[in-house]
Amino acid sequence: MITASYLTRDGQPQTLRLDLFTFPGGEAHATVQTGAAAAALSIRADLRDAGAIISLLMATDALRRAYPGVALELQLPYVPYARQDRVANPGEALSAKVFCALMNQQGYSRVVIQDPHSDVVTALLDRVEVEDPLPALRRALEAIGPATLVAPDAGARKRVQRLARLLGCGAVFADKTRDTATGKISGIELHGELPDGPLLVVDDICDGGGTFVGLAEAIAARQAAEGKAAPLYLYVTHGIFSRGLDRLLEHFDAVFTRNDWSGDARCRLV
């Protein structure tokens, strides 16, 4: 979904009509409301497939032509291709760099994102700002009560350590082994002793959910071996949930997200 808005001269936000459509031949097109007394423009893009990126470019061009010289910012909660932030195998594209270069060419006044997958994205995007992740995570903790945060892999460890410190929570860590050629996870290892209380797995993205199911199974096995039982929850900033929530909810007492792509009422937005 792509929407546009503007600020009036006295700083009031207003919605700007934006029409996106596709010609029979498959080409995307955009038209935007003209004549608004816009002091600044903003476009929000929830880019859920590659075609939406082209629609964003068309919408950007339409806004530029309708309001020449007016600053245009991009609200981009999820950064596509952020997970392809390195070349893992010979012959691969560096997809994150390709996407970020395309955004930089648009000359947005700023690009506001939520929980990028890695520091590579923030290094590649011009005039980028990362929204504070704490308010949404606090809302999840308010719903479940005090909990220990769980980092699902080495990539999430530093981030979860920082969040736990700021929130005054404990933290535990896991590592996973993945085949870079196939993307399949071959093993998950938990480090240290699990606490007795609730656990909240925290990560930026849930796509198919295989990592989290495997982690939940590893936690359940450890709890059984140690004679423990405690609620297990999942929080992700970007809930793609491409395989639905059924399998996740077999293992987690609740699933929280800031951005839900599934439309499943069982997913708890925070």
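Asp207 is partly exposed, with a relative accessible area of 27%, where partly exposed lies between buried (under 20% relative accessible area) and exposed (over 50%), for a 1.4 Å probe and protein chains only. The model is predicted, so that local features need pLDDT of at least 70 and side-chain atom pairs count only at pLDDT 80 or more, while totals for chains, interfaces and linings use all residues. Residues are numbered from 1 along each chain as its sequence is written, and side-chain values use heavy atoms, without hydrogens and water.

The side chain of Asp207 forms a salt bridge with that of Arg83 (3.1 Å, N to O); the term denotes a side-chain nitrogen of Lys or Arg within 4 Å of a carboxyl oxygen of Asp or Glu. Asp207 lies in the loop between strand S12 (199-206) and helix H6 (210-225), and Arg83 in the loop between strand S6 (72-76) and H2, so the pair ties together parts 124 residues apart in sequence. Helices (H or I, at least four residues) and strands (E, at least two) are DSSP runs, numbered from the N terminus. Arg83 is partly exposed, at 33%.

A salt bridge also joins the side chains of Arg258 and Glu131 (2.5 Å, N to O). Arg258 belongs to strand S14 (residues 254-260) and Glu131 to the loop between strand S8 (128-130) and helix H4 (134-144), so this pair links parts 127 residues apart in sequence. Glu131 is partly exposed, with 24% relative accessibility. The count of salt bridges comes to 14.

Ser55 is located in helix H1 and is buried, with a relative accessible area of 16%.
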